[in-house]
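This report is for a reader meeting the structure for the first time. Please look over the sequence and the model before reading on.

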Amino acid sequence: MYLCIFFGKLKTSNIMRLLQSRFIVLILFTGFLSLHLSAQEGYVPTQENLDNREWFQDAKYGLFVHWGVYSIMGGGGDQGIAEWIMEQKDIPIVQYEKLPGFFNPTRFDPAEWVSMVKKAGMKYITITSKHHDGFAMYDSKVSDYNIVDATPYGKDVIGLLKKECDKQGIKLFFYHSQLDWHQSDYFPHGRTGNGIADRSEAGDFNAYIDYMNTQLSELLTQYGEIGGIWFDGMWDKPDADWRLGETYALIHKHQPGALIGSNHHKMPYPGEDFMMFERDLPGENSMGFNNTGISDQVPLEMCETMNGSWGFNIIDQNYKSVEMLIHTMVRAAGYGANFLLNTGPMPNGQIQPENVDTLMAIGNWLETYGEAIYGSRQGPVKPQEWGATTVKDNVIYVHVLDYKGRAIEIKGIDPSHLRSAVYFDDGSRVDVKRTEEGIHLTIPKKKVKSIDTIIVLTLK
Ligand code: JFZ
């Protein structure tokens, strides 16, 4: 791109002459270099990676897990996001380092977790391997600040979970924080964590990136094939040289099939295999930080909390209803996006019972209606107030989530191309009217379902 813009301004006859100038060569070279360093330029996904992207889009629904030594604090009595407690309460590193000593999740039962995930209708898990507090929830050799070396529990929960996932056919992704409030080489500091009194006052950011890349290599080599890496935290130092190209190449070298995504709230950089939206439907920017467009190059995913926190919060009872969460999942599917629903396990290793109930209820719904979600892609009509559409082969699923009594308009469908239009529930025929631009669907009151009235349009 740099080259195109540069050359675009010059006549070709002048280019060779200009190139003879070493100065220009130097400029071009630095241009290449900074592009190279900013992302994995020229990245071409392998066939395996492309297949995994298809798998990912078919999967549609996964469990996000925020679990770390912060879980012990349970949000500290505040309503906020509990995994940020170190920074919210400005807990000095030396004090925070006491937490691993109390982390003993004796009730952690990976088989129970994964069975729950399966019953919930979820196809993958994305778990925090390291959050912003810098504590590795797995067996890391490059730092003792990890679950095996620093906790009385002493077991690698990531490894145990991975084994169980393999057994039960669930893919495992790792959330990995680039931001690190604990590592001394994470310097200069970024936008956050500046109230933590004993953070280092000098450090070598390049050494930090080396450390992070080594930890990533551990995650990519110790546990067999993983689903991918979910990055977060670059936004803390937007202008730093994160050496993304190197990190992404390293991941794709170790595991060409692994999908990389990053929560940087920008359009995907070269080397990234999916785009994510945090607590927002793609393109809707209700949070104020998702103001980029929607990529049509890579799969999409949105993540959402069940209450207001990612990590376990002992006081936050503000749970979203089953209906609300299903609606979000359906609307996400209507954008072609996956739904990654979060739980923050308790410090004893169990999942909050309230969350289990919610997950089971959604799983129940999916048992009946999953056909209209799994394996689907974005339908012909973008999500509207009334609902969303998904499509699979020659079938369009019209998900009516909020029927106001007005006809539902589906543009671009000629009634003569319709083989049938029926209710998902009982196969009875739906009232279809031809309009100038497509069709109108009207639903009698008695056919309206409380969560989602699904109409199945089969094309010839
Ligand atoms: C991030 C994490 O900070 C959070 O703890 C959680 O893991 C979530 C899934 O991802 O959330 C963000 C992302 C970006 C900003 C703040 C929080 N930001 O841009 O300030």
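How many bridges join strand 4 to strand 5, and do these strands run parallel or antiparallel? Four bridges link strand 4 (residues 228-232) with strand 5, and the two run parallel.

## Confidence

The model is predicted. Across the chain the mean pLDDT is 91, with 91% of the residues at 70 or more. Confidence is highest in strand 2 (residues 124-130), at 99, and lowest in helix 1 (residues 2-8), at a mean of 31.

Residues 1-37 have a pLDDT below 50, and this stretch makes 14 contacts in the model beyond near neighbours in sequence. Where pLDDT is low, the predicted coordinates should not be read in detail.

An open sheet of three strands has the order 12-15-14, and its pairing is antiparallel. Strand 12 (408-411) and strand 14 (431-434) are the edge strands, and each pairs on one side only. Here the twist averages 25° from one strand to the next.

Strand 12 and strand 15 (residues 438-442) run antiparallel and are joined by four bridges. Ile-408 has Leu-441 in strand 15 as its bridge partner.

## Around the ligand

The ligand is surrounded by ten residues, and the closest are Glu-83, Asp-232, Trp-235, Asn-263 and Trp-310. By type, the shell around the ligand has six nonpolar residues, one polar residue and three charged residues.

## Thr-368

Helix 13 (residues 353-369) contains Thr-368. Is Thr-368 buried or exposed? Thr-368 counts as exposed because it has 11 C-beta neighbours inside 10 Å, and the cut-off for an exposed residue is 12 or fewer.

Thr-368 and Asp-425 are 57 residues apart along the chain, and their C-alpha atoms are separated by 9.0 Å.

Technical notes: Residues numbered from 1 in each chain as written. Predicted model: local features only at pLDDT ≥ 70, side-chain atom pairs only at ≥ 80, totals over all residues. Near = placed C-beta within 6 Å. Nonpolar A, V, L, I, M, F, W, Y, C, P; charged D, E, K, R; others polar. Buried ≥ 20, exposed ≤ 12 C-beta atoms within 10 Å, placed from the backbone. pLDDT = per-residue confidence, 0-100. Contact = placed C-beta atoms within 7 Å. Pairing = 2+ DSSP bridges. Axes fitted to C-alpha atoms, helices over the stretch in contact; angles between N-to-C directions.
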